[in-house]
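Here's a quick tour of a protein model with a ligand in it. Have a look at the structure first, then read on.

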Amino acid sequence: MNLNKNYENLEQNYLFTTVAKKVQEYVAQNPDKKIIKLGIGDVTRPLCKSVIDAMHRAVDEMAVQETFKGYGPEQGYAFLREAIKKYYQSHGVALKIEEIFVSDGAKSDLGNILDLFDKDNTVLVPDPVYPVYVDTNIMAGRKIIFINANENNEFLPMPDESIQADLIYICSPNNPTGAVYTKSQLKCWVDYANKNNSIILFDSAYEAFIDDEEIPHSIYEIDGSKTCAVEICSFSKTAGFTGTRCGYTIVPMEIPNLNQMWLRRQSTKFNGVPYIVQRGAEAVFSKDGSEEIKQNLRYYQNNAKIISDTLTSCKIWHIGGKHSPYIWLKCPDSMTSWEFFDYLLNNIQVVGTPGAGFGKNGEGFFRLTSFGSEENTLEAMKRFKQLFG
Ligand code: MLT
């Protein structure tokens, strides 16, 4: 028996596990201190009424012989895929139902989709980046090239014609920086991918936070994208499904073989998302449901503004927070990311995510999330002001 040696090339722990461990140790030593967590991007608002009602109805259906459901279709129930299709239509994107695959979340799909690609493909990843893109490719032993995202390009790197990459990761609105690509910038990536016969893996998990009609919610709003892009999205941040688990992936028919391969992969290795959860997800798109989730999104957007205003008043450089739940800030006094993490934890008991955990260009930066409660966000910012104001 030989183990997968590629695992030796990973950091010892997943980023958010390291953060959680450090916080646990601090709490054990300082049990009387009140910690405020603005680290991992986990929602705090409960599921909205329409979603809960739909789930309750689905639970009742499971109790009755006539409406009980066993295994569902591996690609998801038609009612949810139709609802997703309609949502894309509202952004001017026409999808075929067969192109939509429901899953248990974007993180799983981002890892699983790699089954379809040869180990010898070269992967292009912006740095800083959501660690899952990097770790899943390290596990598979793929060659990774990093493209710099930094202050000079406003954390929005553009294609470099001298680089040949087969798989390209783009996340917009971006995790961790909150930066968003415009249509014309995404068009450059689409043209580059088509020219080089590459595939873009487009992570749109934060699209619901976009607050400007000019900014694309989907890569498929860009001409030419159907021949080069797979889109992965989630109900986690849009509708608070982090604990409920539901997402979806779009694999266009225009890309040779890929849709058929993903169907083959999913029907072999995946048995679908629970019926109850899919009924809840469907309700996100109903008239009342979409209004209710907007209220939650506005709540988080207001938290982002509270954070951003405080940082501005403390003269701390930052971006994000406008079309994203993440605020990306420069650590004051030239502290490293982990020094700043410890400094905040020890002095004001506020937890964030060290930028260095997202890649080398994240060193010296720090991420805060707007997913906390308003009360905690206000309290965290009051503490920030005492420290830096
Ligand atoms: C994050 O904090 O970056 C996200 O919550 C992680 C995730 O979505 O898996």
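The notes below cover the ligand site and then a sheet with its helix.

## The model

Keep in mind that this is a predicted model.

## Around the ligand

Who sits around the ligand? Phe16, Ile40, Gly41, Tyr130, Asn175, Tyr206, Lys237, Tyr326 and Arg367 do. Sorted by class, that shell comes to five nonpolar, two polar and two charged residues.

Tyrosine 130 brings a polar side-chain atom to 2.5 Å from an oxygen atom of the ligand. Glycine 41 uses its backbone instead, with a polar atom there 2.6 Å from a ligand oxygen. For arginine 367 we're back to the side chain, where a polar atom is 2.7 Å from an oxygen of the ligand.

## The four-stranded sheet

Now for an open sheet of four strands, paired antiparallel in the order E9-E10-E13-E12. Strand E9 (318–320) and strand E12 (353–354) are the edges, each pairing on one side only.

How many bridges join E9 and E10? There are three, linking E9 to strand E10 (residues 326–330) in the antiparallel sense. If you want a landmark, look for glycine 320, which stands opposite isoleucine 327 in E10.

## The helix across it

Helix H11 (residues 337–348) lies across E10, E12 and strand E13 (365–369). Relative to E13, helix H11 runs at about 50°.

Conventions
Residues are numbered from 1 along each chain as its sequence is written. This is a predicted model: local features need pLDDT of at least 70, side-chain atom pairs count only at pLDDT 80 or more; totals for chains, interfaces and linings use all residues. Side-chain values use heavy atoms; hydrogens and water are left out. A residue is near a molecule or strand if one of its heavy atoms lies within 4 Å of it. A polar contact is a pair of N or O atoms within 3.5 Å; within protein, one must be able to donate a hydrogen and the other to accept it, and residues adjacent in sequence count only if both atoms are side-chain atoms. Ala, Val, Leu, Ile, Met, Phe, Trp, Tyr, Cys and Pro count as nonpolar, Asp, Glu, Lys and Arg as charged, and the others, Gly among them, as polar. Two strands pair if DSSP finds at least two bridges between them. Helices (H or I, at least four residues) and strands (E, at least two) are DSSP runs, numbered from the N terminus. Contact means heavy atoms within 4.5 Å. Axes are lines fitted to C-alpha atoms, for helices over the stretch in contact, and angles run from 0 to 180 degrees between N-to-C directions.
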